[in-house]
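This report goes through the salt bridges, the backbone and the surface of one protein model. The sequence and the coordinates come first, and the discussion follows.

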Amino acid sequence: MRRNKLYNFALIMVSILFVTSCKVGEDYVREEQNLPSSFRQDTSIDMSIANIPWWELFKDPVLVELVNTALINNKSINSALARLKESYLFYEIASADLYPSVNYGVGATTSTNSNTSDFSNSIGAGVTASYTVDLWHRIRSLNDAALQEFLATEEGNRALTINIITSMAVAYISLRDLDNRLLISEKTAKNFAENLDVMQARYDGGFVNEVDLTQSKIQLIEAEATIATLNRSRIQLENSISVLLGTTPKEIPRGLPLHEQIYLPEVPAGIPSELINRRPDILQAERQLQAQTIRIGIAEALKYPSLTISLNMGSQLLNPTSIFGELGAQLLGPIFNGGRIKKGVEIEKVRTEQLLYNYQLTYLTALKEVEDALIAQNTYNKEYILRKEQMELATKAAQLSWVRYDGGLTSYLEVLTLQESQFNSELRASSSLKQEILSIIELYQALGGGWSINNPN
C-alpha cells in the first residue's frame, strides 16, 4: 500500500509537469538589417580578402613566426583563454540545475535525564534528493543564457586573436619601414659627408665662402639627427613588439624588406552582409543580445509558481530495521511583492534594448571601418606611385644640380635645396609604401579575416 501511494504521488507530479509546463518569454530573432548591397569603393564582390588565412596573406616567414609566437605567449591572449574557461564553467554550473540534486547526511545524538543514569544513543544516516520541475522553462532558459554568454566570450577571444595578429603585423611592417628609412638616412648622410669634404677642400683653397661650407655642415647634421631619431624609434618599437611576444625587451629578427611584403594585384572586399556572420565583435554583441533576450523570459517566469519534488530516505544505524522514506512536493508562488517581479521584467527589457542599440552600433562601426580601410588602400596605392615618381625626379634633379654647380652655372643653395628634396622624397616614398601595406592589413582586420582558421604550422 505504501509503495502504491508513493507511485501514485510520483505519477501525479509527472502529470503536472507535462500538462502545465510551458515556456515563458520570446525566442531571439535576428532583426532585419538595412545594409547596402555593396561598399562605396569599387571592389570585387565575388570573394573577400578575409577568406585568406593570415599566414598566407603575410609572405614574410619571420612575420609568420612572430605572430605564431605571440598567439602562444601573449599575456592578453592567455588572460582571454582563462576568461573563456571561466565562462564555460559558469555554463556547466547552469547546466547542473537541469538535473536532480542528491545529498547525504549522517547525524548522531546522545541523551540522558535526571531519572536515570542511562544514556540513549542514536545514529542516523540518510540520502536526500530534490528536483525543481522546470514548469516554465526558467532553468533551461538560464542554461541557454549561460551558453550564449560563453559563446560571446569565445567571440571576444577571437576578436582579441585577430587584434594580436594585426598589431604584430602593423608593428613589424612599421619596423621594416624604420629600417628602410634608416638605410636611406645613412646613405644620405654618407653623401652629405662626402659633399662636406669637397666643400671643406674648396674652402681651404679659397674657392667657396664660409656660408656654403656652413650650409654643408647644417645639411649633414640634419641627416645625422634623422638617423638618431630613427634609431630611437626603432628600439622603442622593438620593445613594443617584445611585449606582444610576451617577453622582455629584445632585438627583433628581420625578414623580407619592405617592398617585398604583402602584395595583392586586387584587394577584394566581398559584400557588407558578410560582416554580420564573420566579424567576431559583431557576433559577440549579438550573442550578448541573445542572452539578454532570454533573461526577459527568466524574469517573467518568477510570476508563476515553482514546483520542487523531494525524496528523503535513511535508517537508524544502531537499529537497522528502522528505515524511513519520505516523498514530498512543494508548490510555491508569489501573491504580493510590491511589483518587484514586474519591475524586474521591465529592467530586463530595458537592458535588452541597450544591447540591441549596441549591436546595431557595432555593425555600423564595422561598415565604417571597412569603408575607411578601402579608401585608405586605394588612395595610399596611388600616393605611393606618385611618391615613387617624385623620388625618381628629385634624384635626377639633385644630380643635375650638382653638375650645374660644379660647372659654375648655379648657386650652392640650389644644390642644397634639391638634395634636401631628394632626401625627403625618399623618406616619404617609404612611408607611403608602409601606409599602403598597413591599409591592406587594416582592411583584412575590418573584414574579420583570418581568425576562424588556425595555422597548421
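Which residues are linked in a network of salt bridges? In this predicted model, the network links Arg 176, Asp 179, Arg 234, Glu 238 and Arg 254.

**Overall architecture**

The secondary structure comprises ten helices and four strands, and along the sequence these elements follow the pattern α-α-α-α-β-β-α-α-α-α-β-β-α-α. The protein has 457 residues, of which 38% are buried.

**Salt bridges**

Over the whole structure, 17 salt bridges are found.

| Pair | N to O distance |
|---|---|
| Arg 254 and Asp 179 | 2.5 Å |
| Glu 155 and Arg 158 | 3.4 Å |
| Arg 387 and Glu 383 | 4.0 Å |

The salt bridge between Arg 254 and Asp 179 has its closest N and O atoms 2.5 Å apart. Because Arg 254 lies in the loop between α6 (210–245) and α7 (274–278) while Asp 179 belongs to helix α5, this pair ties together parts that are 75 residues apart in sequence. Asp 179 is buried, with a relative accessibility of 8%, whereas Arg 254 is partly exposed at 27%.

Glu 155 is buried at 6% relative accessibility, while Arg 158, at 29%, counts as partly exposed. In helix α9, Arg 387 and Glu 383 are four residues apart, again a separation of about one helical turn. Here Arg 387 is partly exposed at 25% relative accessibility, and Glu 383 is partly exposed at 30%. As background to both pairs, an α-helix has 3.6 residues a turn, so residues three or four places apart point the same way.

How far apart are the end C-alpha atoms of α5? They are 96 Å apart, which agrees with the 99 Å that its 67 residues should span at 1.5 Å a residue.

The loop between β2 (116–133) and α5 (138–204) contains His 137, a residue that is not a glycine and yet has a positive phi of about 60 degrees. Most residues other than glycine have a negative phi. His 137 is partly exposed, with a relative accessibility of 27%. After α5 comes Gly 206, which also has a positive phi, in this case near 80 degrees.

**Surface patches**

A nonpolar surface patch of about 480 Å² is made by Val 102, Tyr 104, Val 106 and Val 127. Strand β1 (residues 101–113) supplies the largest share of this patch, with three residues, whereas Val 127 is located in strand β2.

Elsewhere in the description of the surface, Lys 303, Lys 342, Lys 343 and Lys 349 form a positive patch. One of these residues, Lys 343, is found in helix α9, which covers residues 340–406.

Methods: Residues are numbered from 1 along each chain as its sequence is written. This is a predicted model: local features need pLDDT of at least 70, side-chain atom pairs count only at pLDDT 80 or more; totals for chains, interfaces and linings use all residues. Side-chain values use heavy atoms; hydrogens and water are left out. Patches are made of residues with over 30% relative accessible area and no salt bridge: like charges are joined within 9 Å, nonpolar side chains (Val, Leu, Ile, Met, Phe, Trp, Tyr) within 5 Å. Accessible areas come from the Shrake-Rupley method with a 1.4 Å probe; for residues, only the protein chains shown count as cover. A salt bridge is a side-chain nitrogen of Lys or Arg within 4 Å of a carboxyl oxygen of Asp or Glu. Lys and Arg count as positive and Asp and Glu as negative; His and the chain ends are not counted. The place of a charge is taken as NZ of Lys, CZ of Arg, CG of Asp or CD of Glu. Helices (H or I, at least four residues) and strands (E, at least two) are DSSP runs, numbered from the N terminus. Buried means under 20% relative accessible area, exposed over 50%, partly exposed in between (1.4 Å probe, protein chains only). The expected span of a helix is 1.5 Å times one less than its number of residues.
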